[in-house]
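Trainee: Could you walk me through reading a fold from its coordinates? I would like to go from the overall picture down to single residues.

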Amino acid sequence: MKIKVSKKDVIWNYAGVIASLGSNLLMLPIVLYFLTGAQVGLWYVFQSMASLSTMFDFGFTPTFSRNVAYCWSGTDKLKAEDVSYSCGDKVNYHLFKQIIYTCKYIYLLISLVVLIGFSSVGTVYVFHVSSALSGYGHKISWGIWCIALFLNLYYGYFASLLKGVGAVAESNKGMVFARLAQFVSLIILLIAGTGLIGVSISYLIYGVVLREIYRYYFNHYNDIGDKLKKTNYKPDKRDIWDLFKIIWHNAWKEGAVSLANYFCNQMGTIVSSLYLSLEETGIYSMGVQLASAMVTFAYAMYTSYQPSIQSAISNKDDETVRKNFSYTVFIYIVIVIIGAVVLISAGPVLIRIVKPEMNIGRTVLLGVTVYQFILKFRNCYTSYLSNSNRIIYFKAFMVFAVVCVGLEFLLCGVFNMGMWGLVAAQIISQLVYNFWHWPLVVHKELKMSFIDLIKLGYSETRKKFIRKSA
């Protein structure tokens, strides 16, 4: 069946983004109030390690989600490269069940690898950067954080399944409720005096609540649970292995892209923790968090429409693809422009009100905002390519991720440029190639210029908002 995006999906997608980003922003003043500057810096290190853990899924999350969308749109056969176009609207539950079982086995393996790696090598790193902290609280909190990472990754396949079938609203309802549970538990635990341990426990609670809600919504979406039970088929090891080989063809490339994105976006925190103080690391990471939150909010419209774009590609509906893609990119650009003005004007002021000793300059905030815009703008175009099951950009991402990290060590560590060294390294590494090349490739394929995209995006925006409100 074709996947269409409703107002409810868009609204709940924004609600999910706001809940995710807003909870972090709401947690920030609370964490700043109850934790010391060094503990705040270590908290950001924990978050960077959590981002690193997502790299261990080797690209299976977006790959499974994409192939579920193909199956849900009527495809009877999955291909390692490109798309096997839909023949009708009926879902092949035999294939659907095969995808689900393959998901479960792969995510169990991934979560075990992460638990072993982070409880060993990760522990050495965390204990090293936190050696100035006294007591055992930070060590206990890291142990709880590792358990949370294991559980979050193990049940990660539910997110892929929900997004794949187009259950955008349900997916984000789960995010809203889980973030609420995390926020409430964080306040209670910090007031109780648990410190960094409470932060880790609240993260664990978030993951458990999220996965259980996802499980419920998936089984009840269009009666999927009952239909799967009625499907008299249980994949054996050979069925799982055959599907794994098809999925793996692009999954490892998606994994390489995710790893490259991590190095481009999160390694700055780790590099800063090696050359700067934990307090300075906290200031830089806070700037990245604020800019990333704003840009992610702007990118939410694209993620809302991504299942619909995948479905349209599967059904060879080129007109819908062009309209939805133009609309989402146009909305992204407009929101970033507005958000950047607000963030750079008000952000430093609000931070000083909450924590007077933490001073983040507007120029640094502008730099990280520009970089976050570049990353997501580039991702709009490369995601279009991945929607049609082509990960042709992975080599370029890997090369310039290495360039980015190399420049960070050079400018921050060798030339002692501090936070500006990190920002300059990140922007330069993307402007060299990825920022302009992939938009050219996609515009050529869509047979439209960037100006055409802006015009069509503006036209679609008027249809969806201005004319309806008139």
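**Reading the fold, step by step**

Mentor: Let us begin with the surface. The accessible surface of the protein, by the Shrake-Rupley method with a 1.4 Å probe, comes to about 20,000 Å², and 66% of that belongs to carbon and sulfur atoms. Please keep in mind that this is a predicted model, where local features need pLDDT of at least 70, side-chain atom pairs count only at pLDDT 80 or more, and totals for chains, interfaces and linings use all residues. Residues are numbered from 1 along each chain as its sequence is written, and side-chain values use heavy atoms, with hydrogens and water left out.

Trainee: How many helices and strands does the protein have?

Mentor: Helices (H or I, at least four residues) and strands (E, at least two) are DSSP runs, numbered from the N terminus. Here there are 18 helices and 0 strands. The radius of gyration, taken over C-alpha atoms, is 22 Å, close to the 23 Å that the globule rule gives for 470 residues, so the protein is as compact as a globular protein of that length. That rule is 2.2 Å times the number of residues to the power 0.38.

Trainee: What share of the residues counts as buried?

Mentor: Buried means under 20% relative accessible area, exposed over 50%, and partly exposed in between (1.4 Å probe, protein chains only). Of the 470 residues, 58% count as buried.

Trainee: Which residues have the most contacts inside the largest nonpolar core?

Mentor: A nonpolar core is a set of buried Ala, Val, Leu, Ile, Met, Phe, Trp, Tyr and Cys residues joined through side-chain atoms within 4.5 Å. The largest one has 132 residues, and those with the most contacts inside it are F60, F96, I99, W145, F218, F325 and Y332. Helix α12 (residues 278-314) supplies the largest share of this core, 15 residues.

Trainee: What does F60 touch, beyond residues up to four places away in sequence?

Mentor: Contact means heavy atoms within 4.5 Å. By that criterion F60 touches I106, Y107, I110, F244, I247, W248 and A251.

Trainee: And T63, is that residue buried or exposed?

Mentor: T63 sits in helix α3 (residues 60-72) and is buried, with a relative accessible area of 1%. Leaving aside neighbours within four places in sequence, T63 is in contact with I247, N250, A251 and E254.

Trainee: Where is G37 found?

Mentor: G37 is in helix α2 (residues 37-53) and is partly exposed, at 30% relative accessible area. Not counting residues up to four places away in sequence, G37 touches L278 and E279.
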